[in-house]
Amino acid sequence: MPLPLPITPLIGRGAALVELAAILDRERLVTVTGAGGCGKTRLALRLASDAAAAAGRDVWFVELASVRDAQLVAGVVAAGVGVREEPDRPAGDTLAEQLRDREGLLVLDNCEQVLDGAARLVLELLSTVPGLTVLATSREPLGLAGEVGWRVPSLDDASAIELFVERASRVRPGYAPDPEQVEVVRRICQRVDGLPLGIELAAARVRMMHPERIAAGLDDRFRLLTGGDRLAMPRQQTLEASMAWSYELLDAAESATLRRLSVFAGGFTLEAAELVGADDGVDPFAVLDIVTRLVDKSLVSVDPGGARYRLLESVRVYARDRLIEAGDADAARDRHLEVFVAAVTRIEPELALADGPRWLAALEIDLDNERAALEWADATGRTDLFLRLVTGLTLFWELRGHLVEGGRWFARALAQEPTDGGDVVRARALWGAAHVALYSDDFAVAMALAPEALALAESVGDAWAKARALNTIGYAQLWTDPPAAREALDASVSLGRSLGDNWAIADGLKMITVSWMAEDDHEALAGALDALDEVAASLHNVFFAAWCHAGRGMSAVHRGDVTAARDHLHRALQACREVGDPATAGLAIAWLAELELLTGDPAAAQARLDAFIARARATGGEMGVHHAELGRATVALSVGDAAEAHRIVTARLAKPCLPVFLTWARILLGTADTALGETADAKAALAKARKGAARLGNPWLHAMVDHQLGAVARADGEYGDAEDLEHAALQQCVEAGLVPGIIEGLEAVAGLALEHESAAEAARLFSAAATLRARRSIARWPSCQSAYDRDLARTTELLGADRFAAAWSEGSELDISQAVAYATRARGERKRPSMGWASLTPTENQVVALAAEGLTNPEIAARLFIARGTVKVHLSHIFAKLGVATRTELASAATRREVERTES
């Protein structure tokens with residue numbers, strides 16, 4: 001028959017045409033396969049048309065869709081080629097004889113329903129007609145030796161959108177979607193699997209419907225996607241008819257298996273297919289062969305790599321409807337649920353081992369299946385299986401960043417009525433819900449559920465749930481009471497060791513490292529990280545190894561070891577990228593930004609933090625958001641944008657905040673208020689921060705708040721108070737090994753020495769600090785540079801160039817311990833005033849404050865850990881220095897001074 005001439009253009013198949021043309025040039029039998037509606041016929045027609053244009057080559061096109069009897073194929077093909085059948089002679093023989101000396105291309109369209117007859121004829125023709133090439137289209141290959149099968153892919157997004165717009169413009173001339181509508185069209189095309197038939201049928205609805213309505217209507221796609229070309233074959237007029245055509249060609253086992261495979265969402269493995277697809281009528285061992293046949297029939301596709309299979313969504317929906325009609329849906333979904341409960345239960349212990357990342361990736365691939373199983377368990381009241389499945393996914397919810405979703409599933413599962421004997425399962429689910437809540441920063445929910453999990457675990461004697469509940473409780477406690485947290489975590493680790501629960505062991509050790517971070521105790525942290533590193537290495541666990549790098553990086557940042565910090569944090573990030581751990585990655589990013597600011601690149605720090613915060617919730621990196629937001633405020637302060645810092649911190653304080661972050665935020669707020677000239681507000685914020693730092697016992701925070709209070713005191717002209725505070729901050733940094741704080745402290749003490757006109761001391765300390773900065777690659781904040789330059793200029797002016805150069809040279813020779821010792825000694829060598837508030841020692845100031853509160857001498861002695869007689873001596877010195885005679889006068893004087901300082 002002559003080639004049908006398409007009325008509409010072929011879109012998105014340019015590369016396919018080139019590839020197929022090249023194959024046809026060298027091969028004699030090519031079968032174009034694919035699902036119904038993928039465009040096999042259009043592709044074959046275009047190839048035939050191109051071949052017909054080549055001089056001296058015949059092209060015959062024969063449509064077999066209407067033929068249902070394999071015995072009639074040869075006759076239909078003969079008629080299509082223009083050969084008359086001869087009486088008492090097979091049509092194939094006549095056809096072969098007539099074509100023997102001719103050269104041409106025979107196109108056989110739609111062979112799937114007469115596959116055996118088409119295969120026999122093609123084999124006969126190719127064996128006897130040397131100049132013949134056959135191009136067949138079929139939903140499955142012919143199965144002949146030498147056959148080249150070429151599966152038609154779905155259209156990519158760009159081609160699918162182009163096809164939709166072109167076809168829509170034919171029913172609605174001038175149709176041109178705006179950018180927002182283009183995204184809707186993209187969604188429509190993806191939901192119909194990029195099949196040209198589905199796209200064309202959807203585009204035809206543009207005549208009366210907005211694309212948004214079309215997209216919504218795809219939930220009932222077989223009612224929506226109708227009304228194709230009325231002259232086309234019936235199976236090409238609706239999407240349902242196209243699916244039905246393929247389905248009706250299946251045998252009983254194939255159709256039953258296809259129906260059951262429709263319960264899978266997002267693909268499946270062969271093992272899962274065997275468990276779900278088999279029943280009394282289909283042996284599990286037969287499923288492999290059946291799935292293979294379904295792949296050949298283009299109803300099941302194989303993912304690259306061959307490890308997973310999937311149904312096109314339209315095929316899945318059609319098969320699902322047939323499953324419901326057959327009354328087999330509940331049984332199939334029950335098997336599906338049981339398969340994934342078993343799989344998740346089997347995988348959970350593996351997550352702490354070397355293959356943990358691979359298993360997490362497998363859970364991610366099957367997330368749609370897990371969701372479908374969870375939905376079914378919920379809908380059918382299978383409480384035990386529901387709790388087991390959602391709990392088995394606990395670490396997946398955390399490590400893959402699906403925290404919000406995990407929390408929702410736990411809430412639904414725990415809301416169901418407990419089943420008899422399900423207390424162990426419920427105890428474990430309570431732990432899982434608490435764990436996920438904790439990583440979602442929902443401490444209220446975590447601390448409501450974790451004790452309940454612990455109590456239930458103890459009542460039913462489930463050591464596994466007890467170990468994990470203790471872990472969660474310890475994690476929550478470490479932010480307010482690190483020693484108590486370590487007690488709970490030690491118990492969790494011990495239980496884990498007795499059970500062989502590798503996760504409880506490793507994560508308990510990890511949380512112990514966090515407890516030392518909360519106290520900024522870097523010596524203890526190093527030992528805890530070593531212990532965790534040893535376990536992580538024995539388990540070959542990349543997640544915990546990544547945390548070790550992150551922890552060492554954070555410690556190195558605070559200690560001013562720039563090289564080690566950069567190395568460890570980048571290694572942590574690389575490991576997190578490999579295994580998909582957003583929580584650790586978020587913290588590593590925040591600490592890297594802190595490092596960039598420390599080394600003088602606030603722009604890089606800002607860009608890193610902005611990018612992270614923008615995607616943190618979507619990726620599950622909420623754990624790092626606290627650090628990141630306060631890091632952004634710190635960057636703003638560093639470049640002199642106190643107003644922006646104030647805005648960020650105020651917004652942070654309006655949200656629930658852990659004590660560490662609350663104290664840090666108040667320090668930053670006080671720093672911003674100071675820069676904005678709001679001294680009273682600054683003092684109030686810093687006073688609260690000081691109490692918080694003292695409760696936490698965190699030297700890093702304590703040093704920061706004392707340093708900032710010292711800056712406020714210096715600005716107020718209270719140089720004695722400022723020195724007390726700055727020296728206290730310096731000593732805290734020295735004891736904790738916080739080199740950046742030591743450098744800041746040396747510069748602050750140098751500035752105060754200048755206020756006492758001890759310029760040589762100032763020059764030496766400024767020089768020592770500058771040398772340390774250069775050696776450690778630690779930069780000064782740009783916002784502090786002008787004040788530093790003024791102090792340095794004043795020092796030079798007071799000393800003169802020569803004396804300044806000599807003092808500077810002396811200071812540059814001091815190492816860090818010598819510089820601190822010199823700062824302490826030089827201060828002691830300077831004389832305090834003999835009278836007035838500035839003459840009081842730090843201890844005398846503390847005695848004044850306590851006496852003003854009304855404490856007795858014994859109470860003051862107990863508070864300061866000194867003898868009662870020592871208190872009496874201090875009071876006598878204070879009375880003499882301040883010119884007061886009684887405790888009442890002292891209290892009044894202290895009150896007046898505080899009022900004056902507040903008003904100033």
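**Entry 1: the overall fold**

I began with burial across the chain and found that, of the 904 residues of the protein, 54% count as buried. I note at the outset that this is a predicted model. Counting secondary structure next, I found 46 helices and seven strands. I then looked up the radius of gyration, which is 39 Å, well over the 29 Å that the globule rule gives for 904 residues, so the protein is more spread out than a compact globule. Along its principal axes, the C-alpha trace spans about 140 × 70 × 50 Å. For contacts between residues at least 6 apart in sequence, I noted that 68% join residues at least 24 apart.

**Entry 2: two C-alpha separations**

I looked up Gly883, which sits in the loop between helix 45 (868-882) and helix 46 (887-903), and which counts as exposed because its relative accessibility is 60%, the cut-off for exposed being over 50%. From Gly883 to Leu108 the C-alpha separation is 115 Å, and the two residues are 775 residues apart along the chain. I also looked up Ala680, a residue of helix 35 (residues 679-696), which is partly exposed at a relative accessible area of 40%.

**Entry 3: helix 38 against helix 42**

How do helix 38 and helix 42 cross, and at roughly what angle? The axes of helix 38 (residues 739-755) and helix 42 (residues 816-829) come within 11 Å and cross at roughly 35°, and the crossing is left-handed. On the side of helix 38 the contact is made by Val739, Ile742, Leu746 and Val749, while helix 42 contributes Ile816, Ala819, Val820 and Ala823. Sorting this contact by class, I recorded eight nonpolar residues, no polar residues and no charged residues.

**Entry 4: what covers helix 12**

Helix 12 (residues 252-261) is mostly covered, with eight of its 10 residues buried. The buried residues are Glu254, Ser255, Ala256, Thr257, Leu258, Arg259, Arg260 and Leu261. I then asked what lies over the buried residues of helix 12, and the cover includes helix 11 (239-247), helix 13 (270-277), helix 14 (284-296), helix 15 (313-325) and helix 16 (329-347).

**Entry 5: cysteines**

How many disulfides does a search of the whole structure find? The search finds zero. For Cys548 I can give the reason: the closest cysteine sulfur, in Cys576, is 12 Å from its own sulfur, which is too far for a bond, given that a disulfide needs the sulfur atoms within 2.5 Å. Cys548 counts as buried, at 2% relative accessibility, whereas Cys657 is partly exposed, with a relative accessible area of 21%.

**Entry 6: positive phi outside glycine**

His540 has a positive phi of about 55° although it is not a glycine; it lies in the loop between helix 27 (522-539) and helix 28 (542-559), and it is exposed, with a relative accessible area of 55%. Ser777, likewise not a glycine, has a positive phi of about 60°. Ser777 is placed in the loop between helix 39 (759-776) and helix 40 (782-799), and it is partly exposed, at a relative accessible area of 42%.

Methods: Residues numbered from 1 in each chain as written. Predicted model: local features only at pLDDT ≥ 70, side-chain atom pairs only at ≥ 80, totals over all residues. Heavy atoms only, no water. Axes fitted to C-alpha atoms, helices over the stretch in contact; angles between N-to-C directions. Helix = DSSP H or I, 4+ residues; strand = E, 2+ residues; numbered from the N terminus. Left-handed = near helix turned anticlockwise from the far one by under 90°. Contact = heavy atoms within 4.5 Å. Nonpolar A, V, L, I, M, F, W, Y, C, P; charged D, E, K, R; others polar. Buried < 20%, exposed > 50% of the residue type's maximum accessible area, 1.4 Å probe, protein only. Rg over C-alpha atoms; globule rule 2.2 N^0.38 Å.
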